[in-house]
Amino acid sequence: MNNHSALEKNENDALVMERGETGTAKIGGAFKLVDQNGVIRTDIDFRGKYMLIYFGYSFCPDICPTALYNIAEALEMLGDKGQEIQPIFITIDPDRDTVDALSSYMQNYPQQFIALTGEDGAIKAAMDAYGVYASKVEREDSNDYLIDHSSIVYLMDRQGRFLSHFSHNTMPDKIVEILRKHF
């Protein structure tokens with residue numbers, strides 16, 4: 001293997017990318033959002049911990065819960081080492097994912113998880129910093145909508161720099177393998 005970023009597919013066809021030695025990815029950046037408890041949070045608040053950042057929305061029928069479940073399982077598999085990692089769910093649907101809605105939604109996941117929402121502009125800025133795609137899809141059969149979106153979990157180091165990423169369907173044991181490479 002050379003020093004370029006390595007792409008590999010695991011047994012479940014989940015795309016995984018590891019940062020190589022040829023440069024630093026321009027993924028990540030400053031954000032100022034509100035957590036599920038109404039507390040203003042910035043990227044600086046999470047310095048000193050590895051971060052697993054996932055952008056999604058609480059009304060997502062399948063992809064987002066799969067990603068969050070796989071992260072939760074992986075962190076449980078790590079035992080005490082899992083406490084060194086801060087899982088962060090950032091909404092792409094701030095109109096519906098209010099503080100109260102996220103507080104209720106996060107009851108489905110370990111207390112370690114933090115969910116963030118905010119004003120449209122602040123969410124868009126965070127999405128842009130991470131290269132996240134999202135587009136509202138109106139449903140013909142109701143007044144409701146879904147959101148088509150990228151589904152990537154970003155691993156950031158203790159200073160908020162990009163280390164690796166993987167998809168929502170990366171199995172927990174593969175996530176553990178990726179995390180152990182970095183700490």
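**Exercise 1. Overall fold**

Among contacts in the protein between residues at least 6 apart in sequence, find what share joins residues at least 24 apart. Then describe the secondary structure and the burial.

Solution. The model is predicted.
- Step 1: the share of such contacts that join residues at least 24 apart is 69%.
- Step 2: a count of the elements gives four helices and eleven strands.
- Step 3: the protein has 183 residues, and 46% of them count as buried, the cut-off being under 20% relative accessible area.

**Exercise 2. The buried side of helix H3**

Identify the buried residues of helix H3 (residues 120-130), and explain why they lie on the same side of H3.

Solution. 
- Step 1: Ile123, Ala126, Met127, Ala129 and Tyr130 are the buried residues of H3.
- Step 2: around the axis these residues span an arc of only 160 degrees, which is why they fall on the same side of H3.
- Step 3: An α-helix has 3.6 residues a turn, so positions three or four places apart point the same way.
- Step 4: the strands that the buried residues of H3 pack against are E3 (32-35), E5 (50-56), E6 (85-91), E7 (114-117), E8 and E10 (152-156).
- Step 5: just after H3 comes Gly131, whose phi is positive, at about 65 degrees.

**Exercise 3. Strands E8 and E9**

State in which sense strand E8 (residues 134-138) and E9 pair, and over how many bridges. Then sort the residues of strand E9 (residues 145-149) into a covered and an uncovered face.

Solution. 
- Step 1: E8 and E9 pair in the antiparallel sense, over five bridges.
- Step 2: together E8 and E9 make a hairpin, with six residues between them.
- Step 3: in one of the bridges, Val137 has Leu146 of E9 as its partner.
- Step 4: side chains in a regular strand alternate between the two faces of the sheet.
- Step 5: in E9, Tyr145, Ile147 and His149 make up the covered face, whereas Leu146 and Asp148 make up the uncovered one.

**Exercise 4. The largest pocket**

Give the volume of the largest pocket, and name the element that contributes the largest share of its lining.

Solution. 
- Step 1: the volume of the largest pocket is about 260 Å³.
- Step 2: the lining holds 15 residues, and the closest to the pocket centre are Ile92, Pro94, Ile123, Met127 and Ala134.
- Step 3: at least two lining residues come from each of H3, E8 and E9.
- Step 4: H3 contributes the largest share, five residues.
- Step 5: Ile123 and Met127, listed in Step 2, are also among the buried residues of H3.

Key:
Residues are numbered from 1 along each chain as its sequence is written. This is a predicted model: local features need pLDDT of at least 70, side-chain atom pairs count only at pLDDT 80 or more; totals for chains, interfaces and linings use all residues. Side-chain values use heavy atoms; hydrogens and water are left out. Buried means under 20% relative accessible area, exposed over 50%, partly exposed in between (1.4 Å probe, protein chains only). Contact means heavy atoms within 4.5 Å. Two strands pair if DSSP finds at least two bridges between them. The arc is that of the directions from the helix axis to the C-beta atoms. On a 1 Å grid over the protein atoms alone, a cavity is a set of points where a 1.4 Å probe fits but cannot get out, and a pocket is an open set with protein on both sides within 12 Å along at least five of seven lines; lining residues have an atom within 4 Å of a point. Grid points are joined across faces, edges and corners, and a volume is the space filled by probe spheres set on the points.
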